[in-house]
Amino acid sequence: MLSPTVIVGLHGVFTPFPWFDRVVERDDEDAEDSEGSVEEDVLGSVVDRAGAYGWQTVSSWLTEDGKTTAAHEPTAWAHEEVGGDWTQDGNIHQLGWLQAGILTDSPRPGLPLRPIALVLTEALTRVGAMTFTGVHAVLPLAAVERNTAFHQAELAPWFGLADPDARHEVVVTVSCRNGTDGHSGTGTGDAEAVCEAVREMARETLDFSVSADSPDSGNQGARPGLDLDLDGGVHTVGMREVLRWDCRTREWSPDIAVWLVEMVVEGLRRLGRSMPMAVTASLATPVSSRYGA
């Protein structure tokens, strides 16, 4: 059964390989018969890439003599749209995003953030060099019912296999709309409670603390991290940042960024939060550009 939409986006700077234009045909974007951008064409390969891992994400049928002999429905997520911005100006852009319907009866615990981020990363790095700066995920928390704390804690030894002297400063945020009562979808003490939950799951593989630049700190200036244009996305319009944490990790990759998002989601699930939310994990280096969700 399909539930609301999930969106995962990877941000950074992307440079196509020198051979890219010899292999990938660029359509004239002004042509009347142009069906999509080169980004959409390349990133559309994530459907086949997901299938290679055994993740069925589209409906398909096998026919013989005009009769359907087999039908396959999505088992991981239901692919809806994909896109990205590869503008070559040296600035940070949303390089790839995928929108999908999630399956409430999926055998996999939690939301499919990690496999979606994986196939997006593979599609991008297949055709170019990516400097990854952050991930954002728009999530229907009402669909998050299963406890994934054990699965998140299982990953701690994996991320512990990294240079203990390396340090990457990361910012994690949560944004949501106000509820029908006019109050935020989060409650007093949520930042501290989620912080404790993440520390418990991470098992000392990273440092995680409530940010001094949290939304209720009174700091109205530019804050570090991904400056997501919430009002620029259909699924995030009206959302505002409500929670913020500072994090220090031994590595920086889409893999650990997704882990941070997943642990924060698990912490919010424990608190019974069910509003749709946008969660980001990004390098703390301030950026001036804004990116649609």
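In the predicted model, F14, F20 and W86 are joined into a cluster by ring pairs. The protein contains eight aromatic pairs in total. One of these is formed by F14 and W86, whose ring centres lie 4.7 Å apart with an angle of 40° between the planes, a tilted arrangement. This pair connects distant parts of the chain, the two residues being 72 residues apart. F14 belongs to strand 1 (residues 2-16), whereas W86 is placed in the loop between strand 4 (77-83) and strand 5 (93-103). Both partners fall under the 20% limit for buried residues: F14 has a relative accessible area of 3%, and W86 has one of 6%. The rings of F17 and W19 also form a tilted pair, because their planes meet at 40° with the centres 5.6 Å apart. Here F17 is partly exposed, at 29% relative accessibility, and W19 is likewise partly exposed, at 32%.

The protein has 293 residues, and 46% of them count as buried. Its secondary structure consists of eight helices and twelve strands. Among contacts with a separation of 6 or more, 79% are accounted for by residues 24 or more positions apart. The accessible surface comes to about 14,600 Å², and carbon and sulfur atoms contribute 49% of that area.

Helix 7 spans residues 190-202. With 13 residues at 1.5 Å a residue, helix 7 should span 18 Å, and this agrees with the 18 Å that separates its end C-alpha atoms. The buried residues of helix 7 are D190, A191, V194, C195, A197, V198, M201 and A202. Viewed down the helix axis, these buried residues fall within an arc of 165°, so they line one face of helix 7. In an α-helix there are 3.6 residues a turn, so residues three or four places apart point the same way.

Just after helix 7, the backbone at R203 adopts a positive phi of about 55°, although R203 is not a glycine. R203 is located in the loop that runs from helix 7 to strand 8 (207-210). E204, found in that loop between helix 7 and strand 8, is another non-glycine residue with a positive phi, in this case about 70°. E204 counts as exposed because its relative accessibility is 74%, over the 50% limit.

S282 is located in strand 11 (residues 276-283). At 1% relative accessibility, S282 counts as buried. The side chain of S282 reaches the backbone nitrogen of L226 at a distance of 2.8 Å. Leaving out residues up to four places away in sequence, S282 touches T133, G134, E169, V170, V171, G225, L226 and W252.

Technical notes: Residues numbered from 1 in each chain as written. Predicted model: local features only at pLDDT ≥ 70, side-chain atom pairs only at ≥ 80, totals over all residues. Heavy atoms only, no water. Helix = DSSP H or I, 4+ residues; strand = E, 2+ residues; numbered from the N terminus. Buried < 20%, exposed > 50% of the residue type's maximum accessible area, 1.4 Å probe, protein only. Expected span 1.5 Å × (residues − 1). Arc of directions from axis to C-beta. Contact = heavy atoms within 4.5 Å. Areas by Shrake-Rupley, 256 points an atom, 1.4 Å probe, with all protein chains shown as cover. Phe/Tyr/Trp six-rings, centres within 6.5 Å; stacked < 30°, edge-to-face > 60°. Polar contact = N/O pair within 3.5 Å; in protein donor to acceptor, adjacent residues only side chain to side chain.
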